[in-house]
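Here are my notes for you to read alongside the structure. Keep the 3D view open and look up each residue as you reach it.

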Amino acid sequence: IKMKQNKCPICGCLLDESNDLRCLRFPICIYQQVTDKTLGNYIMYDLETTGLTNKDHIIEIGAIYVEDNTIVDSFSALCNPGIFITQRIVEITGITNKMLSDKPPEYDVVKQFVEWCNSKETSLAVGQNINSFDNRMLKVATKRFKLNFPFERSLDTLKMAINMKLKEKGLVASNQQSDLGKLYGIEYVAHRAINDVEALYQIFEHLKKDYNGDLPILNIDKK
């Protein structure tokens with residue numbers, strides 16, 4: 001007797017027999033259940049920029065693609081924003097105007113990153129403060145360059161830390177990534193995109209183990 005398969009709540013197609021958490025039509029249909037222990041595939045990324053406003057530009061993108069809890073690919077690139085970066089940004093990121101002078105323009109790198117993301121079997125982005133910063137800045141850039149924003153859903157590790165009340169419990173001085181790294185004994189060179197992402201992956205693995213309940217995944221408003 002063949003067991004009855006569950007159906008996808010989005011399109012009605014059967015769920016994948018080898019993975020009941022995912023629609024058989026994935027990634028055409030984006031349905032993929034997430035539990036507090038099983039996340040599925042995702043892209044974790046980090047941006048370095050010329051500032052914090054929507055008028056600012058991207059100067060570096062770092063990302064990893066995680067499949068079944070294993071890093072299987074990465075993306076890392078500096079880009080020329082077409083403007084001089086301030087000394088304050090140089091001090092924060094360690095990226096200088098000289099380092100960017102011969103790099104590809106921002107459009108080329110953003111386009112390459114979008115294409116890289118679209119080649120992966122996921123629509124989920126993970127990052128630290130990703131909901132307020134990285135997704136916002138990437139949406140501004142893709143809109144500026146008339147490119148499609150590559151993600152449908154996001155998971156913010158900052159929101160996880162806040163929900164876990166790590167600061168209130170006295171476990172961290174703040175919910176910033178650097179303090180989360182100290183909590184879990186992870187040392188890294190902060191504020192370079194790929195270094196931030198590789199460290200955050202390790203932090204995220206710890207956060208997932210300690211987190212109670214469903215992960216705070218949000219649908220992204222692409223407007």
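This is a predicted model: local features need pLDDT of at least 70, side-chain atom pairs count only at pLDDT 80 or more; totals for chains, interfaces and linings use all residues.

1. Let's begin with Gln 112, which sits in helix H3 (residues 106–118). Helices here (H or I, at least four residues) and strands (E, at least two) are DSSP runs, numbered from the N terminus. Is Gln 112 buried, exposed or partly exposed? Gln 112 counts as partly exposed because its relative accessibility is 40%. On this scale, buried means under 20% relative accessible area, exposed means over 50%, and partly exposed is in between (1.4 Å probe, protein chains only).

2. Residues are numbered from 1 along each chain as its sequence is written, and side-chain values use heavy atoms, with hydrogens and water left out.

3. Now have a look at strand E3 (residues 42–49). How many of the residues of E3 are buried? The count is 8 of the 8, so E3 is largely enclosed by the rest of the structure. In a regular strand, side chains alternate between the two faces of the sheet. In E3 both faces are covered: one side has Tyr 42, Met 44, Asp 46 and Glu 48, the other has Ile 43, Tyr 45, Leu 47 and Thr 49, and all are buried.

4. So who are the neighbours of E3? Two strands pair if DSSP finds at least two bridges between them. E3 is joined to strand E4 (residues 58–67) by 8 bridges, and the two run antiparallel. Within E4, Tyr 65 is the bridge partner of Ile 43, and Ala 63 is the bridge partner of Tyr 45. E3 also pairs with strand E6 (residues 124–127), this time in the parallel sense, over 2 bridges. There, Ile 43 stands opposite Ala 125.

5. Follow E4 onwards next. E4 is largely enclosed by the rest of the structure, because 9 of its 10 residues are buried. E4 is joined by 8 bridges to strand E5 (residues 70–78), and they run antiparallel. Val 66 has Ile 71 as its bridge partner in E5, while Glu 67 stands opposite Thr 70.

6. The turn deserves a look. E4 and E5 form a hairpin with 2 residues between them, and Asp 68 in the turn has a positive phi of about 55°. Most residues other than glycine have a negative phi. Asn 69, in the loop between E4 and E5, has a positive phi of about 65° although it is not a glycine. Asn 69 is partly exposed because its relative accessible area is 38%. Lys 146 is another non-glycine with a positive phi, about 55°, and it is found in the loop between H4 and strand E7 (153–156). Lys 146 counts as exposed because its relative accessibility is 76%.

7. On to the largest pocket, which holds about 640 Å³ of space. Of the 22 residues that line the largest pocket, Asp 46, Asn 129, Phe 133, His 191 and Asp 196 are the closest to its centre. Which elements give two or more residues to this lining? They are E3, helix H1 (87–93), helix H4 (130–144) and helix H6 (177–183). E3 gives the most, with 4 residues. For the method: on a 1 Å grid over the protein atoms alone, a pocket is an open set of points where a 1.4 Å probe fits, with protein on both sides within 12 Å along at least five of seven lines, and lining residues have an atom within 4 Å of a point. Grid points are joined across faces, edges and corners, and the volume is the space filled by probe spheres set on the points.

8. Last, the cysteines. How many disulfides does a search of the whole structure find? The search finds 0 disulfides, a disulfide being a pair of cysteine sulfur atoms within 2.5 Å. Cys 79 counts as buried because its relative accessibility is 0%, and Cys 117 counts as buried at 2%.
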